[in-house]
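Please examine the sequence and the structure shown below. The report that follows describes several local features in turn.

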Amino acid sequence: MKKALSLVLALLMSMALLTACGSGGDPGSSGGSLDPDLPTYDSLQVGEDYTDLKAELRVITHRTDLIQEDPDGRDFTDFVKEFNALYPNITINYEGITNYNDDMSTRISSNNWGDICMIPQSILLPDLHLYFQPVCQLSSIEADYNFATNRAYDGLVYGIPSTGNAQGIIYNKKVAEAAGYTSDSLPKTPDEFLKFLQDIKDKTDAIPLYTNFAAGWTMTAWDAYISGGATADADWMNITMPQTKDPFADRGDGTGPYAVYKLLYDAVSLGLTEDAPTATDWEGCKPMINNGEIGAMVLGSWAIIQMQEAGPNAADIGYMPFPITQPDGKQYASAGSDYCYGVNNSISNDNKIAAMLYIKWLTESSNFAYDQGGVPVLKSQPYPATLAAFDGIELVEDTAAPTEIASLQADVNRESELSLNADQTHVQRIVEAVITGGETFEDIISDWNARWNAAVDRYAPKS
């Protein structure tokens, strides 16, 4: 059923794109080029330019946890108040969506969804101009911004990163210590991590590894580790993998995508996860790990602050690099943009300017990325204390594919029906295989490789 829903959503997106292209023009005015009647994002001076501008913005976000007022921390209400001290005539209203990528992918085909949203992963780079306003040249911000290429195409930036994620594992320090581990002895290989989980099971009452299976979307986190962190290759995800046959094959050295997914399979097989995966609780897991009822969870660094704020034991929440060590003896960690802010290209110019001003304030002045424990968007800003364990770990950001193959990764990914980083079904299949005994891990890998190979044959350039 989940795969069927994913395919239906993909079909709806394709129909929407065909409709937009066939109707004789784009929904907005940009047509994939900068609008000469608008200032560029990089040229705006927040707090100095357009201070009398009047506009009302609707912002669609996946961060439903920040919609409600939080007396103990900053939320979107606080951000709006601080921004309004500079721009009192710009009204900002937030709308949160829980199942964000799927729901927003459907809504985006309507021109009146709002003014700013987090650009859904389902929208292919060549199609960004159908929905979003290009805000500047990539060359104008890439020297100052991390992850500037994430939602850029043909030299134009359509999305500004909201924060960056380092891909590691959240863990409870006290649970780890009770199992015999300190910050200096954390696991660095898949085998060491399985021993780490086994020691937690043997020496504590905590669930060693909590999969968050039932939430679904949380399991797409595993896909984020198969690029730079697993390969030490910045070109792997967007350039090499979509032109490579059998990318999921066992490399024999504990690296690569195989090692990432095999770690999940082995953890479930060895009884090192929760007893009933279908009964996991996303909101409930936050206080559980805060209170030491869970040892570890595989989630991006964006989740650190949520786990710290879920109970009285914020200091017990730690974050470690994913346990893969390369043949050179070093650990690497994938790092990349979280969702990017996009501006609706169908709204008025006043609203576009107001949207760019708010996005630039959020990115450069609000401290949002730092508060969320993420990798800062500005290269000049230091990493937060939550990423202390990544000191000395080389962060690897995926290289953007050159224009001639800019859509190749998306084409192969979609054709294979794996939908890496967008759909959880293939990762849940690993857990289900252990529970039901219906197939082995090698069966799954063989099927994935066959699907990927067929897609490469169809889309990859022929040498």
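## Asn351 in helix α11

Asn351 is part of helix α11, which covers residues 349–364. The model described here is a predicted one. Is Asn351 buried or exposed? Its relative accessibility is 14%, and buried means under 20%, so Asn351 counts as buried.

Leaving out residues up to four places away in sequence, Asn351 touches Ala55, Glu56, Leu57 and Asp115. With Glu56 there is also a polar approach: a polar atom of the Asn351 side chain lies 3.1 Å from the backbone oxygen of Glu56.

## Pro39 in a loop

Pro39 is found in the loop between α1 (2–22) and β1 (55–61). Because its relative accessibility is 16%, Pro39 counts as buried. Which residues surround it, if neighbours within four places in sequence are set aside? Pro39 is in contact with Leu44, Tyr50, Ile353 and Met356.

Pro39 and Ile200 are 161 residues apart in sequence, and their C-alpha atoms are 56 Å apart in space.

Helix α9 spans residues 282–290. Its buried residues are Trp282, Gly284, Cys285, Lys286, Ile289 and Asn290.

At the start of the helix, a side-chain oxygen of Asp281 comes to within 3.3 Å of the backbone nitrogen of Glu283. Just after the helix, Gly292 adopts a positive phi of about 85 degrees.

## The packing of α14 and α15

Two packed helices are described by the angle between their axes and the distance between the axes. Helix α14 (residues 425–436) packs with helix α15 (residues 441–459) at an angle of about 155 degrees, and the axes are 10 Å apart. Angles over 145 degrees count as roughly antiparallel, and α14 is therefore roughly antiparallel to α15. The crossing of α14 past α15 is right-handed.

Which residues make this contact? From α14 come His426, Arg429, Ile430 and Ala433, and from α15 come Phe441, Ile444, Asp447 and Trp448. By class, the contact of α14 with α15 comprises 5 nonpolar, 1 polar and 2 charged residues. The spacing of such residues can be read with one rule in mind. An α-helix has 3.6 residues a turn, so residues three or four places apart point the same way.

Key: Residues numbered from 1 in each chain as written. Predicted model: local features only at pLDDT ≥ 70, side-chain atom pairs only at ≥ 80, totals over all residues. Heavy atoms only, no water. Axes fitted to C-alpha atoms, helices over the stretch in contact; angles between N-to-C directions. Helix = DSSP H or I, 4+ residues; strand = E, 2+ residues; numbered from the N terminus. Parallel < 35°, antiparallel > 145°, perpendicular 65-115°, else oblique. Left-handed = near helix turned anticlockwise from the far one by under 90°. Contact = heavy atoms within 4.5 Å. Nonpolar A, V, L, I, M, F, W, Y, C, P; charged D, E, K, R; others polar. Buried < 20%, exposed > 50% of the residue type's maximum accessible area, 1.4 Å probe, protein only. Polar contact = N/O pair within 3.5 Å; in protein donor to acceptor, adjacent residues only side chain to side chain.
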